[in-house]
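Subject: Structure handover

Hello,

I am passing a structure on to you, with notes on what was found in it. Please look at it before reading further.

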Amino acid sequence: MKTVGRFRLFYKDSTTELPCEGVHYRIMASDRVVVAGVTHANGETVDVTRTSFDTRFELQVLDARARRYVPPEIHHESEYDALLKLDTVREGGRALHKVRIKPYYELRFFRQQGGQPLANASFTAYTLAPDGKEAVAQGIDGGPLRGKTDSEGKTDILYCASAAHFRFTVPGTSITAQTAPLRPLFRGMAVTRYDFPFKTVSATTARDPAHQVRLSGKKPLPMVGSLEDQELLVIPQKEWDEFEAFSSHLDAVLAQRHQAQQDVSRALEARSQADVAQAEKALGLAEDKVKSVLNKNFKTGADLKEMVTWESYNAGREKGAGNSVGMRRRYIPQAMYDKLKARKVNKEIKLSIKFPQALGTSGSSSIKPKQLDVASFKQAFEKIKTELKTSKEWKADPRVVDVFDGVSGQLSETIRKSDSYEVEKAAQWLRLVGGAGASAEANWKDKKVQLQGSLQGKLVLAEGQYTMRRAVPSLNGWLMSLDGEDLGAIRFVMECTLYGFAGAKVVAAGSVGITLDGAKSMVKGIKRDPNTGYRNILDPRTGLPKFEPTALNEATPKDVNGAKVDIDAFAGVEAGITPAGRLQWLPPQEKDFVSFADVAATVAGSAGAGAKFKLYIYYADGKFRLKVAAGLCWGVGAKGSLDFAVDSGKLLDFAKWFYFQLLHYQFKQLVIVQQDAFRALSQILVLLVAQADTDAGEQLRKDAISVDLAFQQFLTSLDSAKEREAMVNSINRKPEWLIYATPETRGMLLYLITRHCFANHMRALPSVSTGKHWNDPEFHLMDSHKAAVLAILQPISTRDEWANVMQHMSTNGSKIIGPAGKQEGDILRFLNYGYSLAENLETLIDQLNAGGPITSPAKEPDTGNKYLDEFFKKRRDLLKSFPKGYKVAGYSREAFRLLAAIDGQASPQFALAEPNALMDGGSRQTAVAFA
């Protein structure tokens, strides 16, 4: 079973996309239910999985009235249908199929006593603009929402995407009754209609504020709290409606921007150029709208006011209101807060938020929330509650005051559970741009961090930091290519702790520039270039975004500071954020990415000429390092570069990754590697293979020169037969380092163990074996050394690597001048060193030199020497080129055929291999031994 994607149900209010939460659905494939559930807060279904026979998936929703599943009611735009087709999903990709739903209203107006329908009642729907002004709501297809109820007291089905409140006129009177603000309904919800009971009153023509829709679920409470000012305002319904209209609109605008960012990542995961282009266009529009709304309402950083609001929950009128209380964060301009304060109902507004430490405007990050004076806090709430109970001006639902104990208890407990308490403007801005729209109602607990998310943080009330955690460019990674050769997939997982105005600017800006503060890298928000994107760099074969590491990188612009993000409130913000993150790769034999380098704490000098590359490997300050373009690790359009360092604990993973780069590049010289770094890695791998008891960290030196000096000391130590024996024994234990050794490392090891003297013979005792013929025993000298030779050669997979190893069979791994076949001949003679072994070695060498096979693929070699037999068998089974996507080490011809059959499934990032093209039983065009 494979995951192929999911549906997202949404509706559109003007240009803002809003999720359809709470829709009961099922997804069908060939008359079979694949999955069923209820859409999440973001309007999405769970992931859809398929068998090999599923090709189309149909979304259906539950018609609560008919009690059966039906197609969703879709907006008339044809591109948003309810079918997910596999021909639109690339193998290994995950699609996000958006379905635009048609929202509607339907209300029933009736007398509360007796339930008699109020037929022929006139009504008009009104909506509040973000500026708080009331306007007649418009239908989806245009025209005002107004009309009359039918004989059952019901309105028509009114298609409208805006939040609205309805005002009814009781037939034959001038009495009006108004609902609370309502949200549109969708087919598939448990609630199919709003019921609005009218309570009969006498001798009055004024609107009774108690005439509100009583519904199961959430009921907003008309009060707002400012932690910054330590104030709680209970406000009239009209002011509350204006507050709710503005703050919910701002919340939705910022939520759409976060969703659009995530959609780009999901489109990349689906590997569809059309989806990526559409998602990037939507992201640009969402970013423009965020900047427009923020600049219109917040000219400076001081203009923002963060509010806490509450909602009561109930399961119906019979259970009463206020069974539980939910808390939200909302944001408004300072001027709107001043207006609310002027029109508040309660005279007593002060909250008591006391800690042992003094609360300062700039020192709140030092506060220990657990030390909150809870008794004093609740006492302040009790004063406000007492005043409201006796207030003649309070006309709202009297049961609102019943939730005060729950409100004060929840708020105090939430503060105490926080890691910090920061209420200054910078922290408020970070929570606005980072957390607005995170959920319709925060649960105020640590949220599970998801890798796909562009920004994650605890929704705790007043903490002053968020953790940005992104997979760049997506979960599937980049495809790195050099001179037409695909080198495999890598990805970056960035995890930066964002704080203050600098963090808010990074989130809101859309892109970053990376600068240096001394030797430390700093990330600063810059304006994202809308002309950059992934859509034009997708590899047509794999669907992954592709890059050339040797391409020229873009430097950070000099004007990175100031108001260059087009958001007025961040003008003059010059501070930066310290980056953190990991560089990962996808090993062919693994299903998930593996980390091998982390963002370096400091930049280690210059990486030489490769510093302008998009990716360059060098060695400095005791670590292998990669200088990476910001556009690769932060996202297309980012400027500058970031250094990643390989710690000793990840050196093996780095060696694996590096080996695969050589393998995919056919062991040609990698120009993205500093020569000193390559030599240092080869020498360190010799030391780790030869000295099995040493730790990787012990072999890392300050610089490449120091590594070379340590290597020379090791060579000198091999004059001791004891040390040489220890090296051979270590090789024969086949350490994992040996599997991923460079050709230079293998060449040096082969050279060292094929050189011997009398003292070595005294330690490497002869052996006698029957081999394949019991009556013709084999007498081997240097037996353990011969086993070590085969252990070194066994992991080699391709002819290019084999030839490269022979070319570097020297003391220091330098390339041999002249034919490499001389070294191969030396190995053959060494393996035949002894008595009663292969008597026709020169004939075998002649056959190799003539380009012919020693034996047919169906026949095992039989030379009279078990080590030569293994050597020729290994040489026969070498591949012409490496099948990208497979294990490297030690598989047989039959095992390879099995692996070839699943290529493109286990590692879809790599090319599909044709076994017949890679396996060749004919001539060998590699370096051979000279007689």
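This is a predicted model: local features need pLDDT of at least 70, side-chain atom pairs count only at pLDDT 80 or more; totals for chains, interfaces and linings use all residues.

Strand β12

The pairing of β12 with β16 (residues 165-169) is antiparallel and runs over 5 bridges. Strand β12 also has 3 bridges to β14 (residues 146-148), again in the antiparallel sense, and there T124 faces R146. A further antiparallel pairing, over 3 bridges, links β12 with β13 (residues 134-136); in this one L128 is opposite E134. Strand β12 covers residues 122-128, and because 6 of these 7 residues are buried, the rest of the structure largely encloses it.

The chain as a whole

The protein chain has 931 residues, and 56% of them count as buried. Its secondary structure consists of 23 helices and 36 strands. Among contacts with a separation of 6 or more, 70% are between residues 24 or more positions apart. The chain has an accessible surface of about 38,800 Å², and carbon and sulfur atoms make up 50% of that.

Cavities

How many cavities of 30 Å³ or more does a search of the whole structure find? There are 8. The largest cavity holds about 340 Å³ of space. It is lined by 24 residues, and those closest to its centre are Q261, R470, G510, R528 and W634. Two or more lining residues come from each of α1 (237-270), α2 (273-297), β23 (465-472), α7 (500-509) and β26 (510-517). Helix α1 contributes the most, with 4 residues. By type, the lining of the largest cavity has 12 nonpolar, 8 polar and 4 charged residues.

Is E44 buried or exposed? E44 counts as buried because its relative accessibility is 0%, and the cut-off for buried is under 20%. E44 sits in the loop between β4 (32-38) and β5 (48-50). Apart from neighbours within four places in sequence, its contacts are R6, F7, R8, T39, L96, Q259 and R266.

R469 lies in strand β23, one of the elements named above for the lining of the largest cavity. R469 counts as buried because its relative accessibility is 19%, against that cut-off of under 20%. R469 and E495 are 26 residues apart along the chain, yet their C-alpha atoms are separated by 4.5 Å.

Helix α18

Helix α18 (residues 799-807) is mostly covered, with 7 of its 9 residues buried. The buried ones are R799, E801, W802, A803, N804, V805 and M806. Which helices are included in the cover over these buried residues? They include α9 (651-664), α15 (743-753), α17 (783-793), α19 (821-831) and α21 (866-876).

A sheet of 3 strands

Another item is an open sheet of 3 strands, paired antiparallel in the order β34-β35-β36. Strands β34 (767-769) and β36 (834-835) are at the edges; each has a single partner strand, so one side of each has no neighbour in the sheet. Strand β35 (residues 778-780) is joined to β36 by 2 bridges, and the two run antiparallel. Within this pairing, F779 stands opposite Y835.

Regards

Note on methods
Residues are numbered from 1 along each chain as its sequence is written. Side-chain values use heavy atoms; hydrogens and water are left out. Buried means under 20% relative accessible area, exposed over 50%, partly exposed in between (1.4 Å probe, protein chains only). Contact means heavy atoms within 4.5 Å. Accessible areas come from the Shrake-Rupley method with a 1.4 Å probe; for residues, only the protein chains shown count as cover. Two strands pair if DSSP finds at least two bridges between them. On a 1 Å grid over the protein atoms alone, a cavity is a set of points where a 1.4 Å probe fits but cannot get out, and a pocket is an open set with protein on both sides within 12 Å along at least five of seven lines; lining residues have an atom within 4 Å of a point. Grid points are joined across faces, edges and corners, and a volume is the space filled by probe spheres set on the points. Ala, Val, Leu, Ile, Met, Phe, Trp, Tyr, Cys and Pro count as nonpolar, Asp, Glu, Lys and Arg as charged, and the others, Gly among them, as polar.
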